[in-house]
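Let's walk through this model one piece at a time. Have the viewer open and follow along.

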Amino acid sequence: MKVAVVGLGIAGLSIAARLALAGHDVFGFEQFEPMHENGSSHGDTRIMRATPGEGEVYVQLARRAVEAWRTWEGLAGRPLIEWTSGLMAGPRGSPFVEACQRLSRKPAALLRGDAIHPLTRGYIAMPYEWDVFRQEDCGVIAADATRAFLLRQAVKWGARLAHGKRISAPIEGLTLKIDDTTMTFDAVIVAAGAWAGRMLPEFAGRLSVKRRVVGWFETDQPRMLPVICIDNEEGTFGMPAPRGYYKIGLHAIGGATEPDAVREPDERDAALLSEQAALLLPKHHAEPVRMQRCLYTVTPDEHFLIAPSAANERVLLFSACSGHGFKYAPVFGELAEEWLSGRPSEQLLSFGLARRGDVNRLGGAKS
Ligand SMILES: Cc1cc2nc3c(=O)[nH]c(=O)nc-3n(C[C@H](O)[C@H](O)[C@H](O)COP(=O)(O)OP(=O)(O)OC[C@H]3O[C@@H](n4cnc5c(N)ncnc54)[C@H](O)[C@@H]3O)c2cc1C
């Protein structure tokens with residue numbers, strides 16, 4: 001089948017690679033240059049959680065992904081995930097922490113927050129009042145290295161990837177307008193991240209685009225630390241990063257933005273991130289050494305949204321969104337293949353418009 005993939009972030013790259021491997025004639029289009037920093041997929045690291053507290057369907061997806069990450073690591077000839085363990089924390093009774101414990105294969109007892117300081121040799125501190133669930137199956141994904149690997153691998157498997165090519169919006173069928181030319185496909189997969197609502201306006205009301213900022217923090221004596229996800233009002237998350245830094249982001253903080261005009265990080269962002277670093281990282285300097293902006297595309301229920309267009313069922317919106325998609329990257333290509341073959345898995349169906357359960361969102365709980 002001749003398939004267009006619109007957008008080559010982590011989702012589009014995974015899809016293009018997998019469909020090319022399966023023998024499809026794949027054309028991938030990206031408006032920016034390779035390894036650009038404008039969408040949602042750039043940066044050195046992302047958190048891997050193999051038992052994500054977001055819900056059962058994500059645990060199933062993560063377990064599929066762990067296997068597939070191993071395959072990618074074999075092909076890449078290098079590790080793409082460093083398993084560090086993780087601390088899932090929040091005020092007592094946090095639904096997110098409770099779900100992490102319930103969904104775990106080893107549902108050990110929750111810890112009190114003040115147990116974390118000695119456990120991490122003083123590098124991470126949490127208040128006594130917090131519940132903490134320790135997960136062994138967490139780690140750090142080398143995000144940019146994964147994108148670079150997929151750019152190579154997709155081409156190796158026969159995908160034709162065109163960068164600096166913006167597909168005209170809106171997409172109205174199987175014929176795409178690319179600069180001055182048009183091309184017609186048997187199927188079109190729109191993995192356009194924050195731009196997806198423009199490409200397929202029928203979904204725009206369900207996709208809000210938000211600005212997020214992450215910051216890197218330095219310590220004089222770096223050591224490998226666990227990742228953290230905290231169900232506080234900010235939805236603070238953190239992970240080890242290259243050069244001994246620890247990276248912090250705020251899942252629940254950041255306003256609406258246009259994807260083409262995202263404000264650069266400023267002192268207000270630094271202050272918000274510093275506040276969290278001062279609370280959580282006693283051995284790190286509280287000023288970020290660097291900050292970076294990124295885009296979240298958020299659905300009202302924070303589920304992924306993967307659904308065919310009502311106007312043409314051979315056009316698929318593929319939005320691996322709401323700020324928690326990277327860890328499932330190797331499964332995205334498999335889900336796209338299921339859709340093309342007409343044999344959707346339960347997981348794929350659960351991301352459609354009709355069957356949407358609850359997601360345990362990170363952030364929003366009271367500290
Ligand atoms: C700050 C931050 C932290 C995160 N942390 C984690 C984490 O720890 N763990 C985790 O699992 N996930 C995390 N995520 C989420 C994860 O990074 C995203 O779910 C994922 O990157 C989404 O990828 P995407 O391919 O859907 O979108 P994108 O990466 O934005 O890709 C979409 C692409 O489409 C292109 N495009 C758009 N319109 C057009 C057009 N008209 N023509 C051609 N190309 C077009 C864009 O240029 C872009 O490259 C985080 C996200 C952010 C922002």
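In helix α2 (residues 56–76), the buried residues are Val57, Tyr58, Val59, Leu61, Ala62, Ala65, Val66, Ala68, Trp69, Trp72, Glu73 and Ala76. Buried here means under 20% relative accessible area, exposed is over 50%, and partly exposed is in between (1.4 Å probe, protein chains only). Helices (H or I, at least four residues) and strands (E, at least two) are DSSP runs, numbered from the N terminus. Keep in mind that this is a predicted model, where local features need pLDDT of at least 70 and side-chain atom pairs count only at pLDDT 80 or more, while totals for chains, interfaces and linings use all residues. Residues are numbered from 1 along each chain as its sequence is written, and side-chain values use heavy atoms, with hydrogens and water left out.

With 21 residues, α2 spans 30 Å from its first C-alpha to its last, close to the 30 Å expected at 1.5 Å a residue (1.5 Å times one less than the number of residues).

Now for its partner. α2 packs against helix α8 (residues 329–341) at an angle of about 105°, the axes being 7 Å apart. Axes are lines fitted to C-alpha atoms, for helices over the stretch in contact, and angles run from 0 to 180 degrees between N-to-C directions. So α2 and α8 are roughly perpendicular, a label that covers 65 to 115 degrees; under 35 is roughly parallel, over 145 roughly antiparallel and the rest oblique. The contact (heavy atoms within 4.5 Å) brings Leu61, Arg64, Ala65, Ala68, Trp69 and Trp72 of α2 to Ala329, Pro330, Val331, Glu334, Leu335 and Glu338 of α8. By class, that contact has nine nonpolar, no polar and three charged residues; Ala, Val, Leu, Ile, Met, Phe, Trp, Tyr, Cys and Pro count as nonpolar, Asp, Glu, Lys and Arg as charged, and the others, Gly among them, as polar.

Over to the strands. In β14 (residues 227–230), Val227 and Cys229 point one way, Ile228 and Ile230 the other, and all are buried. β14 pairs in the parallel sense with β5 (residues 86–91) over four bridges; pairing takes at least two DSSP bridges. Ala89 sits opposite Ile230. β14 also runs antiparallel to β15 (residues 236–240), joined by two bridges, with Cys229 opposite Phe237.
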